[in-house]
Amino acid sequence: GRAAVASGVSILDLARLHHDILVEVLTDTRPDEIAEVATAASEFFVEVLSTFDMAQRVFLDRAGG
C-alpha cells in the first residue's frame with residue numbers, strides 16, 4: 001500500500017490489479033480452498049486500502065485546517 005501511494009498508483013488501478021491477480025489465482029485453486037483464498041485476498045486488499053485511507057485523511061485534514 002505504501003509503495004503504491006508513493007509511486008502514484010491510483011486506487012482504481014490497484015483494484016483492477018488485485019482483481020486480475022485474484023482471478024488468476026482462483027483458476028489454480030482447488031474448489032475446497034476457494035473460500036479461504038477469497039477471504040485472504042479480501043483481508044489483504046483491506047490492508048492495502050488502509051494506506052490510501054490514511055493518506056486521504058491526512059490530505060483532507062491539511063486542506064481543511
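Modeller: What follows is a walk around that pocket, one piece at a time.

The model is predicted. Its chain has an average pLDDT of 87, and 94% of the residues score at least 70. Confidence is highest in helix α2, residues 11–27, at a mean of 93. Helix α1, residues 2–7, has the lowest, at 72.

Now the pocket itself. The largest pocket holds about 220 Å³ of space. Two helices, α2 and α3, each supply at least two residues of its lining. Helix α2 gives the most, with six residues. Among the lining residues are Leu-14, Leu-17, His-18, Ile-21, Leu-22 and Val-25. Val-37, Ala-41, Phe-44, Phe-45 and Val-48 also line the pocket. By type, the lining has 10 nonpolar residues, one polar residue and no charged ones.

An α-helix has 3.6 residues a turn, so residues three or four places apart point the same way.

Look next at His-18, which lies in helix α2 and is part of the pocket lining. Is His-18 buried or exposed? Its relative accessibility is 18%, and buried means under 20%, so His-18 counts as buried. Which residues does His-18 touch, leaving aside its neighbours within four places in sequence? They are Ala-41, Phe-44 and Phe-45. Those three residues line the largest pocket too.

How far apart are the end C-alpha atoms of α3? They are 44 Å apart. At 1.5 Å a residue, the 31 residues of α3 should span 45 Å, so the two values agree.

How values were computed
Residues are numbered from 1 along each chain as its sequence is written. This is a predicted model: local features need pLDDT of at least 70, side-chain atom pairs count only at pLDDT 80 or more; totals for chains, interfaces and linings use all residues. Side-chain values use heavy atoms; hydrogens and water are left out. pLDDT is the predictor's confidence in each residue, from 0 to 100. Helices (H or I, at least four residues) and strands (E, at least two) are DSSP runs, numbered from the N terminus. On a 1 Å grid over the protein atoms alone, a cavity is a set of points where a 1.4 Å probe fits but cannot get out, and a pocket is an open set with protein on both sides within 12 Å along at least five of seven lines; lining residues have an atom within 4 Å of a point. Grid points are joined across faces, edges and corners, and a volume is the space filled by probe spheres set on the points. Ala, Val, Leu, Ile, Met, Phe, Trp, Tyr, Cys and Pro count as nonpolar, Asp, Glu, Lys and Arg as charged, and the others, Gly among them, as polar. The expected span of a helix is 1.5 Å times one less than its number of residues. Buried means under 20% relative accessible area, exposed over 50%, partly exposed in between (1.4 Å probe, protein chains only). Contact means heavy atoms within 4.5 Å.
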